[in-house]
Amino acid sequence: RAKLLTGRFVIRVLDTPDRKDLIITYSFDKGRCTDFRYEEESSPSKLRERPFKPIVDGLARVTASYQTYVKLDRGEMEPADALQSPDYKIEGNMLMIMPLLQAVDSFNREVRSIPKEY
């Protein structure tokens, strides 16, 4: 399923433990990450105000707190629950994003399996 992922996806993480806001932009081609860009600033940062232009900046931008991303990664929160949360925001053309949700979920399950410290 992850092989359906092609395009740029922007992840915005707010309020990390080291008091940073992050933007990570991933470029995918048929499920393989081909490039990424990482930005950080002390929170609250101007990254929170940066506009997002669908297609130009990426297919989607997801914004959430660090703690929400940790819950998702640990399996303490399912993606469907995150979509209902006011702390989780997806921007982009939903007609283009919806068919990719299964591929994103498949990719996220793989990422969950990677050992990490929070």
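Predicted model: local features only at pLDDT ≥ 70, side-chain atom pairs only at ≥ 80, totals over all residues.

Residues are numbered from 1 along each chain as its sequence is written, and side-chain values use heavy atoms, with hydrogens and water left out.

Begin with D15, which lies in the loop between strand 1 (7-14) and strand 2 (20-29); helices (H or I, at least four residues) and strands (E, at least two) are DSSP runs, numbered from the N terminus. The phi of D15 is near 60°, a positive value in a residue other than glycine. Most residues other than glycine have a negative phi, and most peptide bonds are trans.

Next select R19, which sits in the loop between strand 1 and strand 2 and has a phi near 60°, again positive in a residue other than glycine. Are these two residues buried or exposed? D15 counts as partly exposed at 43% relative accessibility, whereas R19 is exposed, with a relative accessible area of 66%; buried means under 20% relative accessible area, exposed over 50%, and partly exposed in between (1.4 Å probe, protein chains only).

Now move to P44, in the loop between strand 3 (32-42) and strand 4 (60-65), and display the peptide bond that joins S43 and P44, which is cis with omega about -5°.

Finally, select L101 in helix 4 (residues 101-112), a residue that counts as partly exposed at 29% relative accessibility.
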